[in-house]
Amino acid sequence: MKKRIAALSLALVMGLGTVALAAGVEKSITVTPMTLTVNGQTVTPTKSDGAAAEVFAYEGATYVPLRYLSQLLGIEVEWDGEAANTAKLVNVPGFEAARIAQATVYGVYNMEGDAVDSAIRAVVTYDLDKEQVVNIDFDEALLPCAKGGAEGWATVDGKPAAGFLLDGVTWIGAEKEDTMVYTANIDGEEKEFISYVGTQAGGAWYYACKNQGAQLMDETGKVVSTVSIETKESIEHGVHFWVSPITFPGNIERIKEFIYENGVDYDYAPNDSIVKNADGVWTVCDTVTGATLAGTPNYLNLVKLACEQIAAESDAAQ
C-alpha cells in the first residue's frame, strides 16, 4: 500500500517529555495497514477533530496518533500555539529521564574485499546509564563506480564517466585494475574518492552534498548530464533478488540485533574472533550473528567506533 505523506523527523526529548517535529518533506512510501487492539478490544484511533485516523507500520515502526494513544494511557498531552511543532507529554507515570547520546560515523561497504559498492553512514544511539546500544540506523549511498554489488551512478552511454562535479569539487577518472578510479584535490592533497568518503571528514562531506546530484563529464571536460545519487534503500538493493532468503535488508537487521543483544565487546575486524563459519555465517566471539554479508565486519567496526566516540565525549564532559 503506497501513501504520499509528509515525512516528519520525530525527536523524543527525554528530559523534557516533548516530541519535536522537524519541517515536513513529501515523499512516497509503502506502508502496511495495522489494526489496534486494547485489552483484546479493537479500537479505531481518532484525530483531534474526531475523524478516524489510520494505524500503519513503516520500516519496523508502528504509527498511532500520539494524542489518542497517550489519552488511552492516562497521559496528558499539551499543545502550545507559540510552539506549534511541539507536542508535550505531561506527568508520564514511571518515566525517568535517560542519558542518551548519539554519534554518526562513516565508512565504505566491504572496503577490504570484493563488491565495494557504497559508502556507509551509521547513526548510533547509546544509553549511557544502561551502557548499551538502543538504536542503529545504517544508510548506504552508492559510489560513482562499484567493484561488484550495486551499480555505480557515474556512467555516460553505458560507460564510466570521464569525471564528475560534486559540490564544486572536480573528480577526474583514470582506469586502474579494470575499474575507474576518481581523484580530486582536497585541501592540497590528491584523494581517491572511495578512500576519501571512507574517512569521517570525507563521509560527512559526501552525505551533506549527495542530494545535490552529480554532474557527469565527458573526455573533454564538458558536463553532459546530472544524475541523482541513490542509496541501497532507494533502489531496493537485495530486496527482490538475493543469494539467500535473508535478503540484504534482512542481513542488516541481523547485524543490528546481534549488537543490541551482545554489545560491542569485540575487537575491530579483521581479527580471529570475527570470522565466517562453515555455513558462511559470520560469528563474533563465537556468537553466530546470522548475517552472511561480505561487508558485515565494516558495519561492526562502525558501530564500535561510534560507541567509542560516545564514551570519549562522555568521559570528557565529566
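**Backbone and salt bridges**

Guide: Asn39 counts as exposed, at 84% relative accessibility; exposed means over 50% relative accessible area, buried under 20%, and partly exposed in between, with a 1.4 Å probe and protein chains only. This is a predicted model, where local features need pLDDT of at least 70, side-chain atom pairs count only at pLDDT 80 or more, and totals for chains, interfaces and linings use all residues. Residues are numbered from 1 along each chain as its sequence is written, and side-chain values use heavy atoms, with hydrogens and water left out.

Visitor: Where is Asn39 found?

Guide: In the loop between strand S6 (36-38) and strand S7 (41-43). Helices (H or I, at least four residues) and strands (E, at least two) are DSSP runs, numbered from the N terminus.

Visitor: And what is phi of Asn39 near?

Guide: Phi of Asn39 is near 55°, a positive value in a residue other than glycine. Thr247, in the loop between S23 and H4, also has a positive phi, near 70°. Most residues other than glycine have a negative phi, and most peptide bonds are trans.

Visitor: Is the peptide bond from Ala269 to Pro270 cis or trans?

Guide: Cis, with omega near 0°. Pro270 sits in the loop between H4 and strand S24 (274-276).

Visitor: Change of topic. How many salt bridges does the structure hold?

Guide: Five. A salt bridge here is a side-chain nitrogen of Lys or Arg within 4 Å of a carboxyl oxygen of Asp or Glu. Side chains of opposite charge can pair when their charged atoms come close.

Visitor: Which residue forms a salt bridge with Lys232?

Guide: Asp117, with the closest N and O atoms 2.9 Å apart. The pair links distant parts of the chain, with Lys232 in the loop between S23 and H4 and Asp117 in strand S13, 115 residues apart.

Visitor: Is Lys232 buried or exposed?

Guide: Lys232 is buried, with a relative accessible area of 2%. Asp117 is buried too, with a relative accessible area of 2%.

Visitor: What else does Lys232 touch?

Guide: Not counting residues up to four places away in sequence, the residues that Lys232 touches include Tyr109, Ser118, Glu140, Leu142, Ala150, His237 and Phe248. Contact means heavy atoms within 4.5 Å.

Visitor: What about Asp129, which residue is its partner?

Guide: Asp129 forms a salt bridge with Arg99, and their closest N and O atoms are 2.9 Å apart. Asp129 lies in the loop between strand S13 (116-127) and strand S14 (132-139), and Arg99 in the loop between strand S11 (86-90) and strand S12 (100-108), so the pair ties together parts that are 30 residues apart in sequence. Asp129 is partly exposed at 47% relative accessible area, and Arg99 is partly exposed at 39%.

Visitor: How far apart are the closest N and O atoms of Glu253 and Lys256?

Guide: 3.5 Å, in a salt bridge. Glu253 and Lys256 are three residues apart in helix H4, which means they are separated by about one helical turn. Glu253 is partly exposed, with 39% relative accessible area, whereas Lys256 counts as buried at 11%.

Visitor: Last one, how many helices and strands does the protein have?

Guide: Five helices and 26 strands. Buried residues make up 38% of the 318 residues.
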